Amino acid sequence: MTALNFTPSSGAAPRAAQVWAHATTEAGLILRNGEQALLALVIPIGILVGGRFLGSRLGLDFPTLAPSVLALAIWSTCFTSLAIATGFERRYNVLERLAATPLGRPGILLGKATAIALVTALQVVVLIMVSLSLGWRPAFDAVALGVAVLACLLAAGAFAGLALSIAGTARPEVTLAVANLIYLLALVGGGILLPVAAHPAWARPLVSLLPTAALGEALRSGTAMSLVVLAVWCAGTLVIARKVFRWTS
């Protein structure tokens with residue numbers, strides 16, 4: 001009979017387990033935070049319900065509004081929530097302390113990316129269910145679906161790069177103000193809720209080059225050209241974030 005060995009194992013957990021633990025912790029913190037939950041689900045669901053019954057008076061038909069709200073949810077989590085949370089983590093040296101653990105800086109970034117992906121996936125599932133219950137009946141198109149999925153991935157990268165560029169250089173109070181301001185500006189005139197065609201003629205060329213508008217158009221109409229805009233933004237913002245991001249404030 002083999003004797004039981006109760007000697008503690010001094011080795012670190014497997015890399016995948018470390019990243020997954022960090023990701024689930026990050027995702028839980030986002031969902032438990034009142035402001036983050038407001039951005040993630042409460043506001044998008046409120047817009048869906050209000051738009052279903054009042055949207056026609058404002059010129060917003062529900063088949064267009066539903067995918068627009070999906071774009072808004074991705075924008076709110078991958079940009080606004082990530083920027084604010086990261087900014088205050090820098091202030092309180094959370095990132096610096098985590099970087100000293102076996103997780104390391106690559107593990108932190110991978111965990112954050114996984115957490116944002118988990119929260120975004122939850123948002124999309126909940127909002128699709130709410131939209132379907134309110135009468136949204138999207139036509140299935142394999143090409144449009146592929147464009148939409150790829151657009152979401154590229155947009156998430158672009159928004160995250162922009163969020164980290166701001167949070168990694170500015171004070172957390174400035175990050176909070178700037179992130180909320182950009183969120184509201186994009187909500188009103190960034191092509192998320194309103195299609196590019198609904199904007200004044202002089203503004204359409206500029207709006208169409210924004211990543212928010214490109215994501216909205218990709219989800220509303222499966223526009224493949226939006227992928228080019230999103231790919232440029234994704235590559236550019238991630239490169240900038242890598243160069244300017246500071247781990248401590």
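This is a predicted model: local features need pLDDT of at least 70, side-chain atom pairs count only at pLDDT 80 or more; totals for chains, interfaces and linings use all residues.
**View 1. Lys112 meets Glu89.** Here the side chains of Lys112 and Glu89 come together in a salt bridge, with 2.7 Å from N to O. Lys112 sits in helix α5 (residues 104-133) and Glu89 in helix α3 (residues 62-91), so this pair ties together parts that are 23 residues apart in sequence. Are the two partners buried or exposed? Lys112 has a relative accessibility of 8%, so it counts as buried. Glu89 comes in at 12%, and it counts as buried too.

**View 2. Arg91 reaches Glu173.** This salt bridge joins the side chains of Arg91 and Glu173, at 2.9 Å from N to O. It links distant parts of the chain: Arg91 belongs to helix α3, while Glu173 belongs to helix α7 (residues 172-189), 82 residues apart. Arg91 is partly exposed, with a relative accessible area of 26%. Glu173 also counts as partly exposed, at 38% relative accessibility.

**View 3. Arg220 pairs with Glu217.** Look for the side chains of Arg220 and Glu217, which meet in a salt bridge of 2.7 Å, N to O. Both lie in helix α9 (residues 211-221), and because they are three residues apart, about one helical turn separates them. Arg220 and Glu217 are both buried.

**View 4. Glu26, Glu89 and Lys112 form one network.** Salt bridges with shared partners join these three residues together.

Technical notes: Residues are numbered from 1 along each chain as its sequence is written. Side-chain values use heavy atoms; hydrogens and water are left out. A salt bridge is a side-chain nitrogen of Lys or Arg within 4 Å of a carboxyl oxygen of Asp or Glu. Helices (H or I, at least four residues) and strands (E, at least two) are DSSP runs, numbered from the N terminus. Buried means under 20% relative accessible area, exposed over 50%, partly exposed in between (1.4 Å probe, protein chains only).
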